[in-house]
Amino acid sequence: MINTDGLESIRTSLAADGYEINVNEEGERVGVVISATPEACADCLVPQTVMVSILEQALKVPAAAIDLSYPEESAAH
């Protein structure tokens, strides 16, 4: 079970820079997709390794259980 307060905190921070976050619990894994809005600040998103650490702390799940997809990856699919 993810920490919903932590998720809302990250959602608010990302929205300020023009990003959206979707989180899905898939068994023991947590799928996280961060997508860019047209107003997104390209230089504002931290590296994926840093974001996984942030997500680990905020969502209260192990980093190894987080599957993170960033905007450039989402656009490629």
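Val32 touches Ile21, Asn22, Val23, Leu55, Leu59, Ile66, Asp67, Leu68 and Ser69, leaving aside residues up to four places away in sequence. The model is predicted. Its secondary structure comes to 3 helices and 3 strands. From the N terminus on, these elements run α-β-β-α-β-α.

**Overall form**

- Along the principal axes, the C-alpha atoms fill a box of roughly 30 × 25 × 20 Å.
- Buried residues make up 35% of the 77 residues.
- The protein exposes about 4,700 Å², and carbon and sulfur atoms supply 53% of that area.
- Among contacts with a separation of 6 or more, 47% link residues 24 or more positions apart.

**Nonpolar core**

- In soluble globular proteins, nonpolar side chains tend to be buried together.
- The largest nonpolar core here has 20 residues.
- Ile21, Val32, Ile34, Leu55 and Leu68 touch the most other members of this core.
- At least two residues of this core come from each of α1, β1, β2, α2 and β3.
- Helix α2 gives the largest share, 5 residues.

- Strand β1 covers residues 19-26 and strand β2 covers residues 29-36.
- The two strands run antiparallel and are joined by 8 bridges.
- Together they form a hairpin, with 2 residues between them.
- Gly27 sits in the turn and has a positive phi of about 70°.
- Glu26 stands opposite Arg29 of β2.
- In a regular strand the side chains alternate between the two faces of the sheet.

**Salt bridges**

- Side chains of opposite charge can pair when their charged atoms come close.
- The structure holds 2 salt bridges.
- One of them joins the side chains of Asp67 and Arg29, at 2.6 Å from N to O.
- Asp67 lies in strand β3 (residues 66-69) and Arg29 in strand β2, so this pair ties together parts that are 38 residues apart in sequence.
- Asp67 is partly exposed, at 35% relative accessible area.
- Arg29 is partly exposed as well, at 32%.
- Arg11 counts as partly exposed because its relative accessibility is 29%, which falls between the 20% and 50% cut-offs.
- Glu8 is partly exposed, with a relative accessible area of 40%.

**Lys60**

- Most residues other than glycine have a negative phi.
- Lys60 has a positive phi, near 65°.
- Lys60 is placed in the loop between α2 (48-59) and β3.
- Lys60 counts as exposed because its relative accessible area is 57%, and the cut-off for exposed is over 50%.

Technical notes. Residues numbered from 1 in each chain as written. Predicted model: local features only at pLDDT ≥ 70, side-chain atom pairs only at ≥ 80, totals over all residues. Heavy atoms only, no water. Pairing = 2+ DSSP bridges. Helix = DSSP H or I, 4+ residues; strand = E, 2+ residues; numbered from the N terminus. Salt bridge = Lys/Arg side-chain N within 4 Å of Asp/Glu carboxyl O. Buried < 20%, exposed > 50% of the residue type's maximum accessible area, 1.4 Å probe, protein only. Contact = heavy atoms within 4.5 Å. Areas by Shrake-Rupley, 256 points an atom, 1.4 Å probe, with all protein chains shown as cover. Core = buried A, V, L, I, M, F, W, Y, C linked by side-chain atoms within 4.5 Å.
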